[in-house]
Amino acid sequence: MILVTGAGGFVGVHLLKRLSALGLPVRALIRSDADVGRLRRVARSLCRSAIADAASLKRAMQGVEQVIHLAGIFRESWKETFETAHQDGTRRLMEAAREAKVRHVVYVSTLGAAPDRIYPFVRSKWLGEGEVRSSGLPFTILRPSLLFGEGDHFLMPLSRLLRSSPYAIIPGCEPLRCQPLWVGDLVSCLVKTVESGVGKGEAIALAGPAQISYEGVVDLVQRELGSRRPKMLLPLSLAATLTLLLERVMGSPPLTTGVLDIWRLGAITSRDTVQKAYGFTPMPLSEGARYLLSSNGPPGRRGGRKERTMTPNRSI
Ligand SMILES: NC(=O)c1ccc[n+]([C@@H]2O[C@H](COP(=O)([O-])OP(=O)(O)OC[C@H]3O[C@@H](n4cnc5c(N)ncnc54)[C@H](OP(=O)(O)O)[C@@H]3O)[C@@H](O)[C@H]2O)c1
């Protein structure tokens, strides 16, 4: 049995669909009742528990051989900080996994995870990695760059903002860069990791084949949407303050502290990380954006991509 934490989130839903299509036994750990309906069809069993709840975690671990730990947050609240979610939460999960004699833990961290105090999100993911490493359990740490796909926290909020705002706001006067990865490609890496134990004891950076600036992403989205909003450069400190403010008042803010942290840290690496570790070339953002932002629907669902999606790496 594979236990997936954070199963109701963006990556979790894509992963569960793939694991279920492959017929692998999955238990989904969710924290909100709202996730029950849409996951019931794709998870063999559902378990409702916060990572902090030791008693229900213990029940969730029964019969579990592998854990894919996705649970995390992109913005802090009065209830939860990055550190409590990513470090304390991971520690509790590792304690429960050790007790259940789990044979492999896969932790989804982030590209750029580092002890740097300026960036609270990436620092907390680095602390979470530390909990996995010191657990004594066999592990693989995956460090993806920003992810795009249906329901993401990056491209879709940006396109919503560009549809509704009179300006295209670009945070940072120096170009912010990243190397976005398609969620379907991360899912392929996760599946290969649990099926064949790729990268045991390692931390593997995962990024798309192209590096792009924030302004480049805005240009790409504007092109796909056929819009020409004038650009407005916002100093990074102001963008960070505005982000903090918006994430306090909006249910789905255009940017969160966590996503801005990944941008700020320059979430880039070499272009062939996925090829080297998993033997396939991930989808470029330009291709994904065309499908996600057009009326054609998301990649992997129709037309030109359909043939390519027949390969195992390409199905959602
Ligand atoms: N998306 C990206 O671009 C990206 C990039 C790099 C790394 N990552 C990492 O990949 C992982 C998955 O990302 P995602 O985009 O799927 O995130 P997401 O959409 O925010 O989903 C995270 C899930 O974790 C759950 N969760 C958070 N704290 C929890 C807790 N204490 N106990 C139980 N469940 C908890 C959330 O539940 P609620 O809905 O109840 O909050 C949510 O269902 C995260 O660890 C993230 O840091 C993502």
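**Ligand and helix contacts**

Modeller: Let's start at the ligand: in this predicted model, one of the ligand's oxygen atoms is 2.8 Å from an N or O atom in the side chain of His153.

Colleague: What makes that a polar contact?

Modeller: The cut-off is 3.5 Å between N or O atoms.

Colleague: Which backbone has a polar atom 2.9 Å from an oxygen atom of the ligand?

Modeller: That's Phe10.

Colleague: How do you know how much of the ligand the protein buries?

Modeller: On its own the ligand exposes 890 Å², and the protein buries 88% of that.

Colleague: Which elements give two or more residues to the shell around the ligand?

Modeller: Helix 1 (10-21) and helix 5 (120-133) do. The shell splits into 14 nonpolar, nine polar and three charged residues.

Colleague: What about helix 6 and helix 8: why is their meeting called a crossing at roughly 65°?

Modeller: Packed helices are described by the angle between their axes and the distance between the axes. For helix 6 (residues 155-164) and helix 8 (residues 214-225), the axes come within 10 Å and cross at roughly 65°. The crossing is right-handed.

Colleague: Which residues of helix 6 and helix 8 make the contact?

Modeller: Among them are Leu158 and Leu162 of helix 6, with Val217 and Val221 of helix 8. The residues of this contact divide into eight nonpolar, two polar and one charged.

How values were computed:
Residues are numbered from 1 along each chain as its sequence is written. This is a predicted model: local features need pLDDT of at least 70, side-chain atom pairs count only at pLDDT 80 or more; totals for chains, interfaces and linings use all residues. Side-chain values use heavy atoms; hydrogens and water are left out. A polar contact is a pair of N or O atoms within 3.5 Å; within protein, one must be able to donate a hydrogen and the other to accept it, and residues adjacent in sequence count only if both atoms are side-chain atoms. Accessible areas come from the Shrake-Rupley method with a 1.4 Å probe; for residues, only the protein chains shown count as cover. Helices (H or I, at least four residues) and strands (E, at least two) are DSSP runs, numbered from the N terminus. Ala, Val, Leu, Ile, Met, Phe, Trp, Tyr, Cys and Pro count as nonpolar, Asp, Glu, Lys and Arg as charged, and the others, Gly among them, as polar. Axes are lines fitted to C-alpha atoms, for helices over the stretch in contact, and angles run from 0 to 180 degrees between N-to-C directions. A crossing is left-handed if the near helix is turned anticlockwise from the far one by less than a right angle, and right-handed if clockwise. Contact means heavy atoms within 4.5 Å.
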